[in-house]
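Hi,

Here is the structure I promised to pass on. Have a look at it first, and my notes follow below.

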Amino acid sequence: MSSLLIRNLRKSYGAVEVLKNINLEAESGEFVALVGPSGCGKSTLLSIIAGLESVTSGEVLIEDRVVNDEAPKDRDIAMVFQSYALYPTMTVRQNMTFGMECRNIDKATQDKTVQRVAALLQIEPLLGRKPAQLSGGQRQRVAMGRALVRDPKLFLFDEPLSNLDAKLRVEMRSEIKKLHQSVGRTTVYVTHDQIEAMTLATRIAVMHQGVLQQYDTPKAIYETPANMFVAGFMGSPNMNFLSAKIASTADGLGVVVNGGDGTVLPVPADRYQSLENGQDVVFGVRPEHFSPAHEQRAERKGRTTVSVPVTVDMDEPTGSETILMSRIAGQDAILVCEPDEAPTPGETMDFAIDMSKISLFDTKSELRL
Amino acid sequence: MAEVSHQAYDPLATGSKTQQARSRGIVYVLLTFFALLYLSPLLIIFMNTFRPLDEIVREGFISVPDSLSLKYWGEAWGSFCIGGTCEGVSRYFSNTLLMTIPATIFSTALGLVNGYALSKWRFKCDAWVFGLITLGVFLPAQMTLLPWAFVLGQIGLSNTIMGLVLVHTVQGTSFTTLFCRNYFVAVPDDLIKAARIDGAGFWRIFRRIMLPLSPPIVIVCVIWQFTGIWNEFLFGTVFTSGENQPITAAIVAFSGSGTGERHYNVEAASVIFAALPPLFIYVLGGKYFVRGLTSGAVK
C-alpha cells in the first residue's frame, strides 16, 4: 500500500509556477528525501503535503485518501520544522502534550505517551524546562518528540538539522535513521544536503526549478544519474564533466576527450547502445573513480580502466583523502586520491579511470545517454 | 515598541579624566535643569493644595505654603459644589473609572484579536482591512464628533457613560490593532503552522500560544489606552453633561460654578486627583515592559 501518493501536482503563485507536474509515491514505511538547491520547490511540496499550502491542480493522497481540501489537523501527520517552532511559553512536557490535548486524549494516556517518547529520545530530565533553556541539539530532540507522541501516518521533516553545528548534525542524522528504523513510519524529509539524503533515504527525489529530476534509490541516483543536474548535485566533490566525442575502435565505440592526445577510452557496450560515431557528448567521471594507474586497483576487481595523464594544479588535503584540482587534456577536473599517493602540485601523473562507473550525457538535452 | 534594549555602551566612559568630568558635568546640569522645568507646574499645583484662598490671593500663585492643611483635599474630593451637585470630584472620578476601565479592556482585547487575525491568518484584502482600521489613528477626533453624536443619539446612549465607553473602544481599537498587529508579525509563522498541525484552531492558538506571548504589548496597549481615555476631554464635554461627566470635563466646569469666586486651592487638589491614576498606571506598568519572551522559539 502506498502511504503517500502525489499525482500531477502543480502549484502556482500568480503567474509563477513553482511546482511543475510532480508525481511521487512512497510505500508504507519508506524514507523519502526531497533534495535540491534553494528555491527548487522542495519546501513548498512539503507544505502542500502538510496542508499548509493549497494545491493549484493535481492530487495528494495519504493512505489512498485524497486530502487536497483537508485541514492539516485532519491529515494525521506530524512535522518537524527547521526552526523547531517550539512553543516558547510552554515547558517541554506541554510542548509534547499540546497536540494530544487538542485531540482530547485523556490525561493518563498523555502522561504515558510522553514518558515513552521522552525515554526513547533521552529527554526525560528536560521535561520541566522551557525551550529557551535548551541547547540547539536538545531543542531538536524536543521537536522530534513532539512529532513522535502523535503516532501519525506520515512524518514530515523540513531541513531539521540545518541549524545544528557540523558534529551534532552527524550525530542527529544517525539518530533520525535509528529512530526511523524503530518507529517504521513513512517519512518525507526535505534537505539541501545531499549527504543527508544519501545516508537517510530509501528513495531520493531530486528537484530543480520545480521539476522532479529523478526519483530513485540512493545507489541508482549516484551511479546512474538521469541528467547532468542530478549528476552534478549529488556527490561531493562534484562529478567532472569533460567535453568529448565518440570514436570507433576495433573493439567497439569509445570516448575521446577533446583537446587531448586522442586516446580512445572504450565505453562498456552493454550500457550505452545508442551512441553514434562522431557524436558530441559530455563525459562524466566522479572524482573517486580515478586512481593512480600503477596501483591497478580497478583492474584487480576485474574492471576495464584506461589511464590518462593528469596535471595537478593544487591539492586540498582533508586528512582521509586528498582532493586534487587538476587538468585533463586542458579541461578542469577534480580528483580524489589517498593522501600517500597524491602527486605534488605541478606534477603530471597517469590516473586510471574506472570505465564501468562513467556517465555519458547529451550535450544539448543534458540527459543521460 | 515593546522592545526596550539597554546598551552597555557608555559614550562618556572614554577620553581624558578632565574631559570626562567636564562632559559629565554638562550632561547632569542640563538634565537637572530640564527635570526642574518639567516638574515645576506639578510642584506649584501641589503647593497650592495646602494654601488657604486668602493666602493665594495675597501672595500670588507661585509661593511656598505658610501652613499645611489637608482641608482642601477633603473638600475637593467630597463636598465641593460643581454644577449644582455638592459631592466634589469623587463622583466624576468614579465616572471616569467606569468609562476608562471597560473601554481600555475592550479596546485592548479587540486589538489583540484583530492584530492576531491580520498578522497570522492572512486573507484576501487583509491589507485593506488593516488600512481602514488604522485610518482611525490619523483622523482628528474633531472630525468624528458629528458622526458619533448622530450614532449615540440613534442608539439612545447620549449623555451616558456607556456611550463614552463605546466611543473610546471604537476610537482606541485603531491604535491597539496597529500595535498588536506589528507585534504579532514578529512572532514566527512556524509556531502557528506547528500548532495547526498539532490540531489547534483559531481560538486555541490565540489563547494558548499568542496570548502567553503578549504581555509586553498588552502593557503598551493598556498604558496607552488608559492614559489616553482618562485624560480625554473633547468627547466627555461634548457628549455628556451634569453628573454624567468624566473628571476632565468636570474640572473645567469648576471655573463657571458657585459664587463666581475661583477656589484655586480646591481646584489644585482636584487636578491632582485627576492626574493620579494615569501616573499610577504608568509607574506600575513601566516595570513590566518585558523583554525576550519569544527567545527560544526560533534559533
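A:P237 sits in the loop between α8 (228-233) and β11 (240-249) of chain A, where helices (H or I, at least four residues) and strands (E, at least two) are DSSP runs numbered from the N terminus. The peptide bond between A:S236 and A:P237 is cis, with omega at about -5 degrees. For context, most residues other than glycine have a negative phi, and most peptide bonds are trans.

Before I go on: this is a predicted model, where local features need pLDDT of at least 70 and side-chain atom pairs count only at pLDDT 80 or more, while totals for chains, interfaces and linings use all residues. Residues are numbered from 1 along each chain as its sequence is written, and chains are lettered from A and ligands numbered from 1 in the order in which they are written.

A:A85, in the loop between β6 and α2 of chain A, has a positive phi of about 50 degrees without being a glycine. A:A85 counts as buried because 26 C-beta neighbours lie inside 10 Å; the cut-offs are 20 or more other C-beta atoms within 10 Å for buried, 12 or fewer for exposed and anything in between for partly exposed, with C-beta atoms placed from the backbone. A:A329 also has a positive phi, near 50 degrees, and is found in the loop between β17 (322-328) and β18 (331-337) of chain A. With 20 other C-beta atoms within 10 Å, A:A329 is buried.

Now the sheets of chain A. One is open and mixed, with six strands in the order β6-β7-β8-β3-β9-β10; strands pair if DSSP finds at least two bridges between them. β6 and β10 (211-216) of chain A are at the edges with a single partner strand each, so one side of each has no neighbour in the sheet. On average, neighbouring strands here are turned by 15 degrees against each other, direction ignored; axes are lines fitted to C-alpha atoms (for helices, over the stretch in contact), and angles run from 0 to 180 degrees between N-to-C directions. Inside this sheet, β3 (residues 31-35) and β9 (residues 203-208) of chain A run parallel and are joined by four bridges, with A:R203 as the bridge partner of A:V32.

Another open sheet has five strands in the order β13-β12-β11-β14-β20 (chain A), with antiparallel pairing. Its edge strands, β13 (264-266) and β20 (359-362) of chain A, each pair on one side only. β14 (residues 280-285) of chain A is linked to β20(A) by four bridges, and the two run antiparallel; A:V282 stands opposite A:F361.

Which strands does α4(A) lie across? They are β6 and β7 of chain A, and the helix runs at about 175 degrees to β6(A). Helix α4 (residues 136-148) of chain A reaches 18 Å from its first C-alpha to its last, close to the 18 Å expected (1.5 Å times one less than its number of residues). Ten of its 13 residues are buried, so α4(A) is largely enclosed by the rest of the structure. The cover over those buried residues includes β6 (77-80), α2 (92-102), α3 (107-121), β7 (154-158) and α5 (166-183) of chain A.

Chain B has 13 helices and zero strands. Of its 299 residues, 34% count as buried. Among its contacts with a separation of 6 or more, 77% are between residues 24 or more positions apart, a contact being two residues with C-beta atoms, placed from the backbone, within 7 Å.

Where the chains meet, chain B contributes 21 residues and chain A 24. On the chain B side, α8 (189-198) and α9 (202-213) are the elements that give two or more residues, and α8(B) gives the most, with seven. That side divides into eleven nonpolar, four polar and six charged residues (Ala, Val, Leu, Ile, Met, Phe, Trp, Tyr, Cys and Pro are nonpolar, Asp, Glu, Lys and Arg charged, and the others, Gly among them, polar).

On confidence, the predictor gives the complex an ipTM of 0.85 and a pTM of 0.83. Chain B has a mean pLDDT of 86, and 89% of its residues reach 70 or more; pLDDT is the predictor's confidence in each residue, from 0 to 100. Over residues 1-5 of chain B the pLDDT is below 50, and over residues 290-299 of chain B the pLDDT is below 50 too. Where pLDDT is low, the predicted coordinates should not be read in detail.

Cheers
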